[in-house]
Amino acid sequence: MRGSGRREQSLRSILINIVCTLFFLTAAMGLCIFLRMIDQSGSYVSMIFILSVFLVARYTDGFIYGILASLAGVLLVNYMFTYPYLKFNFTLAGYPITILCMLAVSTATSMLTTQNKNQELIRIEAEKEKTRSNLLRAVSHDLRTPLTSILGAISTVMENDAILTREERLGLLHDAEEDASWLIKMVENLLTITRIDTDERARIYKEPEAVEELIASAVSKYRKRYQTPKLSVRIPEDLLMVPMDAVLIEQVISNLLENAVLHAKGADQILLSVTRQGEYAVFSVEDNGEGIPEKVLPHVFDGYFKQEYEDNGDSKRNMGIGLSVCNTIVRAHNGTMSAYNKQEGGAVFSFALPLGEEI
């Protein structure tokens, strides 16, 4: 399935490049035909076709399409706009110079375009390296602390089995189970963000999914795990189909709900809502807690927090990785994500996914 998807994407890219090339050449030809009705000299024809070659080289991939456009442009100028019209004449003075000029323009533009793309790739790689560094910082704390807690609970039970009461033993095992469950969730998040954010070949394969089914699944899992805060749901009455990878988007919703449980201080209500806003489906998780500290807001999607960002927070419940995973998944769906505080109190985390997007 993945290989087939990549082939389809490659063929689509080729088709887009061909259509783009034909569009600029056709536009140049149409413009020249129109201008000849005004000015019969035709001195502008070569410049217009050189401009079309420039645009083809700029907005397509690599050298091939620019060079093909330059050759096609030279032939069109010769056939359509030079005497004798609608016939080829390769004996015209200066004809080789015209070919060389168009080839030079397309080659130079393609080289500049390739250089710009390479610089963009370097920038993307630098961002990926920053992400990897942030993940390492987070892992060094967020995995070590619960592992130490699990080891301590198990050691306590093994070393003091004879003197521990049943309630004490169950309490220690419950704490170890909770930390182990959280570690599994953390590993899933790390695998997701690594696959999507650091693998250029990774792709999101989307299918139209009913929002009602997605929300029902996420809410069911939430209510099995948490009794408080109380979760309310608000979704559109009409059927809303959204192109998405349902597993990944459900992971986003689960992360946001868990984030509200663990980090929304003083919250006893969570609202999960979905609305349609123009060409986007907007998912929101809001709480009635104390809100996000102002110094944290600029960093919520960084992938990690410095310890001073989380005053009196749970030292082993860093929300940075979970939110970074959410942002990564949403961006991979060509969506956007935001976080802000409500005026009446509480925080809102929302993300928007495009509707009607080609699959």
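Buried means under 20% relative accessible area, exposed over 50%, and partly exposed in between, computed with a 1.4 Å probe on protein chains only. The structure is a predicted model, in which local features need pLDDT of at least 70 and side-chain atom pairs count only at pLDDT 80 or more, while totals for chains, interfaces and linings use all residues. Residues are numbered from 1 along each chain as its sequence is written, and side-chain values use heavy atoms, with hydrogens and water left out.

**Exercise 1. Describe helix α7 by its length, its buried residues and its surroundings.**

Step 1. Helices (H or I, at least four residues) and strands (E, at least two) are DSSP runs, numbered from the N terminus. The expected span of a helix is 1.5 Å times one less than its number of residues. Helix α7 covers residues 211-225, which makes 15 residues, and its first and last C-alpha atoms lie 22 Å apart, close to the expected 21 Å.

Step 2. The buried residues of α7 are Val 211, Leu 214, Ile 215, Ala 218, Val 219 and Tyr 222. Viewed down the axis of α7, these buried residues fall within an arc of 120° (taken from the directions from the helix axis to the C-beta atoms), so they line one face of the helix. An α-helix has 3.6 residues a turn, so residues three or four places apart point the same way. Glu 213 and Lys 224, on the other side of α7, are exposed.

Step 3. Counting a contact as heavy atoms within 4.5 Å, the buried residues of α7 pack against β1 (207-210), β2 (230-234), β3 (241-244), α8 (246-263), β4 (269-277) and β5 (280-287).

**Exercise 2. Find the residues with the most contacts inside the largest nonpolar core, and the elements that supply this core.**

Step 1. A nonpolar core is a set of buried Ala, Val, Leu, Ile, Met, Phe, Trp, Tyr and Cys residues joined through side-chain atoms within 4.5 Å. The largest one has 40 residues, and those with the most contacts inside it are Ile 253, Leu 256, Phe 283 and Phe 351.

Step 2. At least two residues of this core come from each of α7, β3, α8, β4, β5, α9 (320-332), β6 (336-341) and β7 (347-354). The largest share, seven residues, is supplied by α8.

Step 3. Leaving aside neighbours within four places in sequence, Phe 351 touches, among others, Ile 253, Leu 256 and Phe 283.

**Exercise 3. Decide where the model calls for caution.**

Step 1. The protein chain averages a pLDDT (the predictor's confidence in each residue, from 0 to 100) of 80, and 82% of the residues score at least 70.

Step 2. Over residues 305-316 the pLDDT is below 50, although this stretch has 26 contacts in the model beyond near neighbours in sequence. Where pLDDT is low, the predicted coordinates should not be read in detail.
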